[in-house]
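Good morning, and thank you for coming. Please look at the sequence and the model together while I speak.

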Amino acid sequence: MKNQIIIIALFSCACMQTMQAQEKSLFTVHYTLGSETESPELWHHYKLDVGKETSHFYDWNEIQNKQINDSVCKSRGETPREDSYSFHCIGVEGFHPTPTHLHVLKNTPTENEVLVSDIINSLGSRNNVYYQEPIADYSWEMIEGDSVIGGYACQKAQMIYRGHTWVVWFTPEIAVSDGPWKLCGLPGLILDAADKEGDYHFMFTGLENATDREILLNTNNSKKTTAKDMYKMFVKANEDMNARMPADMLSHMGNKKQRIRLLEHLSE
């Protein structure tokens, strides 16, 4: 049976137009992020908290890992560290070995803008960074096809954005112009989104009503940057990782360097 969603005011324009500080979520959408090159146990569980006028997309594995780490440290009389997890978390049910630190907020703290935050680790340094930019005017092209996902009738669309061609399924039955990551701008909630290269596939896995979570992110300890500079930092971190990768690990991978897989590619 479909979830019945109570929305105080439906979004009537692309990606919402007004902003209300510290809004609370009306409902939360669950997605799994996987790819053709990763085994399912490494796939990530993301959540999208949707408010009346804003939204917050984040990796639930990161939140869950912190809860597990705090619990493990407390049981061992240890003080949890902000920059790492206890070795004793490994093997605990629900602990993800490689969580991301990605957060995407739409229309908050500034209306008509997206805020993207992440943590980039390179050569022992931990860089908390974020950028803000206008919500993109995606040039969606409606394409033939229909489907049913999670009990919702869906339509198909595609567009090209920063190095990826995205093909998505959205449902007008949930009249919210939003979706996973930065994707939005269609007359309905995006339930499934995949890039044609097979690197990224957001899959709808469920929906919670009345989650009542605050839609905000503390960036006080983060450095503001630009989308292009964040991209360069990720590329450099990937190159450093490849340079330090042990020969036996490279051999196990078929002597192939770790390929750069980023949600957006920006030219120099």
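First, the ground rules. This is a predicted model, in which local features need pLDDT of at least 70 and side-chain atom pairs count only at pLDDT 80 or more, while totals for chains, interfaces and linings use all residues. Residues are numbered from 1 along each chain as its sequence is written, and side-chain values use heavy atoms, with hydrogens and water left out.

Let us begin with the sheet. Helices (H or I, at least four residues) and strands (E, at least two) are DSSP runs, numbered from the N terminus. Two strands pair if DSSP finds at least two bridges between them. Here 12 strands make an open sheet with mixed pairing, in the order S7-S8-S9-S10-S11-S1-S2-S3-S4-S5-S6-S12. Strand S7 (141–149) and strand S12 (223–224) are at the edges with a single partner strand each, so one side of each has no neighbour in the sheet. Helix H1 (residues 60–75) packs on the sheet and touches strand S2 (44–50), strand S3 (55–59) and S4; contact means heavy atoms within 4.5 Å. The direction of H1 makes about 65 degrees with that of S3; axes are lines fitted to C-alpha atoms, for helices over the stretch in contact, and angles run from 0 to 180 degrees between N-to-C directions.

Within strand S2 we find Lys 47. Is Lys 47 buried or exposed? Lys 47 is buried, with a relative accessible area of 6%; buried means under 20%, exposed over 50%, and partly exposed in between, with a 1.4 Å probe and protein chains only. Leaving aside residues up to four places away in sequence, Lys 47 touches several residues, including His 30, Trp 60, Glu 208 and Arg 213.

Now to the hairpins. S7 and S8 pair in the antiparallel sense over 7 bridges, and Ser 147 stands opposite Cys 154 in S8. This hairpin has 2 residues between the strands, and Gly 150 takes a positive phi near 60 degrees. S8 is also joined by 7 bridges to strand S9 (residues 164–171), again antiparallel. In the turn of the hairpin of S8 and S9, Arg 162 has a positive phi of about 45 degrees. Ile 160, in strand S8, stands opposite Thr 165 in S9 and counts as exposed at 68% relative accessibility.

Next, the loop between S4 and S5. Most residues other than glycine have a negative phi, and most peptide bonds are trans. Asn 107 lies in this loop and has a positive phi near 65 degrees. Asn 107 is buried, at 0% relative accessibility. Pro 109 lies in that loop too, and the peptide bond from Thr 108 to Pro 109 is cis, with omega near 5 degrees.

Finally, how many cavities of 30 Å³ or more are there? The count is 1. On a 1 Å grid over the protein atoms alone, a cavity is a set of points where a 1.4 Å probe fits but cannot get out, and lining residues have an atom within 4 Å of a point. The largest cavity has a volume of about 40 Å³, a volume being the space filled by probe spheres set on the points, which are joined across faces, edges and corners. Among its lining residues are Lys 106, Glu 133, Tyr 161 and Lys 182.

Terms used. 1 Å grid on protein atoms, 1.4 Å probe; cavity = no way out; pocket = protein on both sides within 12 Å on 5 of 7 lines; lining within 4 Å.
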